[in-house]
Amino acid sequence: MGQSMNGAFRRALEDGDVSRLAELWRVCRPRLPQPRDDREARVMLHRARSEAESVTLAKRLYSHAWLAERGLPSGLPEELQPPAERRESVIVSAVGIASFGPVELRRDHRQYGNITNTPKPGWSFTDVVGFVSRRLAVPVGFDTDVNGSALGEGRWGAAMGLSQFVYITVGTGIGGGAVVDGAALHGLVHPEMGHLAIRRLDDDDFPGLCPFHGACMEGMASGPSLEARFGVPGRELYGTQLAVAMNIVTSYLAQGLTAVTRILAPQRIIVGGGVAKLPGFHEIRNEAVTSELANYPGLAEHREPGFVSPPDLGDRSGLAGGLVLAKQVSSGQVEAVDG
Ligand SMILES: [Zn+2]
């Protein structure tokens, strides 16, 4: 939200001009629920103002978020070193990590904060939280990359003002995080939405790439599956091949998003990741999801173009999520677990 919009909001609030507030809300937040009466308009305005302050805070934090923005090498755990030359000039009060998975999130588990059995070489059972909290002696917030992205989008992005939403990434793999009643969803293990079973399209004989399930959603619709089908990475596809590829990906993804919608009843699903950036993806995706939902249970919200959206924060959803996780532990909203 721009400075002038904030000014307009402030003036309308000072003047008590509720209809102007509602109008500003509609202009600035076309994808969010609209106020039904004066009281709701006032509530939404207050929320918008605190969000605007949050955005300012985020910008300030981004300007200092040099650890995350620097892009640390992470080929192997041993390479993970805070850059020493900046250590003196920055006071770190908390760290938030939105990590690739699988990770142990059960706070009473002795391996809490570990990457668990990942195929990524060298990383299985790496104690990420322990490593960072011992090095920096600060509280560490920890969650999956996709739960982090969901939290980031909820705080500053496409899910601002919502309490139930899902973030799905479609890239080298497919993963999903969910926020339910404002908190990231954890169970025995974090959700594994990428591995949902899906129905094979009639004329598709591609076996699928998932080492565990073959033709699960990730096996059929991830970036590597496109490369295996077409012989080139997704970003090199164009013309008819690109259109065919996007139809395949969005058809399978729509099945998965429909399953997620049936189970979690989210107010919005945000879809990011490399494949979701390919031309045509978000245009075709809407139609595929609407068709797969088959007007059941028939909510108007499901038919709105913004029900499934791209992320507002682009590639920074996870980084923003790290800030949310850091804030949660530094404010005591979530208790830190010692590494
Ligand atoms: Zn699978």
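## Residues with positive phi

Ala265 is exposed, because 12 other C-beta atoms lie within 10 Å of its own (exposed means 12 or fewer such atoms, buried 20 or more, and partly exposed anything in between, with C-beta atoms placed from the backbone). The model is a predicted one, in which local features need pLDDT of at least 70 and side-chain atom pairs count only at pLDDT 80 or more, whereas totals for chains, interfaces and linings use all residues. Residues are numbered from 1 along each chain as its sequence is written.

Ala265 is found in the loop between helix 9 (239–264) and strand 8 (268–272), helices being DSSP runs of H or I with at least four residues and strands runs of E with at least two, numbered from the N terminus. The phi of Ala265 is near 50°, a positive value in a residue other than glycine. Asn295, likewise not a glycine, has a positive phi of about 55°; it sits in the loop between helix 10 and helix 11 and is exposed, with 10 other C-beta atoms within 10 Å. Most residues other than glycine have a negative phi, and most peptide bonds are trans.

## Cis peptide bonds

The loop between helix 10 (281–293) and helix 11 (300–303) also holds Pro297, and the peptide bond from Tyr296 to Pro297 is cis, with omega near 5°. A cis bond also joins Gly101 and Pro102, where omega is about 0°, and Pro102 belongs to the loop between strand 1 and strand 2.

The protein chain contains twelve helices and nine strands, and buried residues account for 39% of its 339 residues. Of the contacts (C-beta atoms within 7 Å, placed from the backbone) between residues at least 6 apart in sequence, 63% join residues at least 24 apart.

Leaving out residues up to four places away in sequence, Ile269 touches Phe165, Val166, Ile168, Leu257, Val260, Phe307 and Val308.

In helix 5 (residues 128–136), the residues Val128, Val129, Val132 and Ser133 are buried. Viewed down the axis of helix 5, these buried residues fall within an arc of 115°, so they line one face of the helix, the arc being that of the directions from the helix axis to the C-beta atoms. Their cover includes strand 1 (95–99), strand 2 (114–115), strand 3 (126–127) and strand 4 (140–144). Val129 has 25 other C-beta atoms within 10 Å, and its C-alpha atom is separated by 6.9 Å from that of Asn114, 15 residues apart along the chain.

Ile115, in strand 2, is buried with 21 other C-beta atoms within 10 Å. Beyond its neighbours within four places in sequence, Ile115 is in contact with residues including Ser99, Val103, Trp123 and Val128. Ile115 and Pro102 are 13 residues apart in sequence and 5.8 Å apart, C-alpha to C-alpha.

## Helix 6 against helix 12

The axes of helix 6 (residues 145–156) and helix 12 (residues 317–330) come within 6 Å and cross at roughly 85°, where axes are lines fitted to C-alpha atoms over the stretch in contact and angles run from 0 to 180 degrees between N-to-C directions. The two helices, helix 6 and helix 12, are therefore roughly perpendicular to each other, a term for angles of 65 to 115 degrees.

Conventions
Contact = placed C-beta atoms within 7 Å. Parallel < 35°, antiparallel > 145°, perpendicular 65-115°, else oblique.
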